[in-house]
Amino acid sequence: MNNFEAYNPTRIVFGKDQYHRINELMTEQSIKKVLLVYGGGSIKKNGIYDQVMAHLANFSVVEFGGVEANPEYSTLMKAVEIVKKESIDFILAVGGGSVIDGVKFIVGAALYDGEPWDVLERKPGCKFTNALPFGVVLTLPATGSEANSSAVINRSELKMKRTLGGPNLFPIFSICNPQVVASLPKRQIVNGIVDSFMHTLEQYLTYPSGNLLQQRQAESILQTLVEIAPKILENPSDYEAAANLMWCSTHALNGNLRAGVPTDWCTHMIGHELTAFYGIDHARTLAIIAPRLFENQFDNKFNLLVQYGKRVWNLSGDDKMIANQAITKTESFFQQLGIQTKISDYTTNTAFIADEIKNRFIDRGWTGMGERKAITPDDVKEIVLNAI
Ligand code: NZQ
Ligand code: ZN
């Protein structure tokens, strides 16, 4: 196991009927003025807005709605202006990964002196060194953003989706109520299952490095997701299944699984490009790319593909057959959830995409990706071509 530092200061308040904790936790922060940030309006239809507002009565609240799925830079910059003009000192994000990620950007950009896009472009010396405090009311279990300090921001006019992170971008608290799953469209529930599954695989399906505990934690998350997926799809009001999904998605990306282990993340990096070019939902881009990437990296990932096949999918027989079947099982799982796993299932405009993504990776200096830094731009091109 490699050396590591673990740091996660976010207080998770998990379960039914916990919205009253918002008032208590914000009072502890000595807040004067709050910006309530939300998405396209689902919280006004499913009652979450009213429940949250009922516990903000003691605070001066300014609202900012309209953060898109795949949060847009230009929209978030409008919120940054409001934060400055209104002297906001705390932000409450009420939404899924897009709203939470958008707020991570806003809290950093509001206190940043330069052009915030430079931070997303990772220009030398450009970082959010300060950030306003913020809290989260999670409405969609998927990204783990409620328990980490990462964000992904979209800039459509440049067809770019870029990541952001830093130790001051953890939420102070996250209210995680599994009852929200009952009002989610099926599309978002399956996205949540796949995104959580893939976060786990990105940190598990690499090479053995003596990290026995994290491997078994990862396998537990994967097996739990496989077990609960049909139950939630049959009955989204099944509280126990929803609670397990929500806790799995938090655990998949709260920093535990990556402690001291090699991690891949190349499926995500390619997937972000598919969202940037085509607007395909984040989780679906992962379902498209992952099986093809595992085939491309078959030898490099062989030992853990075999372990994954045996322990998660209960496969037996010849190791090579198990490794192959583990990939097939993964893709079939996504398909059984109703997710299509080819780019051409989503668009006919595919001729340019493999070369375009390859060239972008070269331009950014991403010439050796994955846990072994073995995925070259040519591999990326092949993975994308095979995914069309
Ligand atoms: O905008 P509203 O009206 O709220 O509707 C949203 C949106 O249309 C809807 N929704 C959310 N909660 C709902 C609900 N509808 C009904 N009832 C509810 N309770 O769901 C739609 C999708 O929301 P979004 O927040 O975009 O989904 P998700 O949570 O999957 O987030 C995806 C974003 O997170 C990024 C992705 O790249 C993508 O931009 N990621 C963030 C990560 C992180 N910060 O660690 C890691 C991930 O790998 C991922 O990249
Ligand atoms: Zn993801």
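This is a predicted model: local features need pLDDT of at least 70, side-chain atom pairs count only at pLDDT 80 or more; totals for chains, interfaces and linings use all residues.
Local features need pLDDT of at least 70 and side-chain atom pairs 80 or more, while totals for chains, interfaces and linings use all residues. Residues are numbered from 1 along each chain, ligands from 1 in the order written, and side-chain values use heavy atoms, with hydrogens and water left out.

**Stop 1**

Select ligand 2. Its donors (N, O and S atoms within 2.8 Å of the metal, or 3.2 Å for Na, K and Ca) come from Asp 195 (OD), His 199 (NE2), His 268 (NE2) and His 282 (NE2), at 2.0 to 2.1 Å. His 199 sits in helix α7 and His 282 in helix α11, so this pair ties together parts 83 residues apart in sequence. Buried means under 20% relative accessible area with a 1.4 Å probe, protein chains only. His 199 is buried at 3%, and His 282 is buried too, at 16%.

**Stop 2: helix α9**

Now pick residues 239-252, a helix (a DSSP run of H or I, at least four residues). α9 spans 20 Å from its first C-alpha to its last. At its start, a side-chain oxygen of Asp 238 comes within 3.3 Å of the backbone nitrogen of Glu 240. Color the buried residues, among them Leu 245, Met 246 and Cys 248. Their cover includes β1, β5, β8, α7 and α8.

**Stop 3: the second largest pocket**

Show Val 226, Trp 313 and Phe 333, which are among the lining residues of the second largest pocket. Helix α13 (319-336) gives the most to this lining, with five residues.

Definitions and conventions. Helices (H or I, at least four residues) and strands (E, at least two) are DSSP runs, numbered from the N terminus. The expected span of a helix is 1.5 Å times one less than its number of residues. Buried means under 20% relative accessible area, exposed over 50%, partly exposed in between (1.4 Å probe, protein chains only). Contact means heavy atoms within 4.5 Å. A polar contact is a pair of N or O atoms within 3.5 Å; within protein, one must be able to donate a hydrogen and the other to accept it, and residues adjacent in sequence count only if both atoms are side-chain atoms. On a 1 Å grid over the protein atoms alone, a cavity is a set of points where a 1.4 Å probe fits but cannot get out, and a pocket is an open set with protein on both sides within 12 Å along at least five of seven lines; lining residues have an atom within 4 Å of a point.
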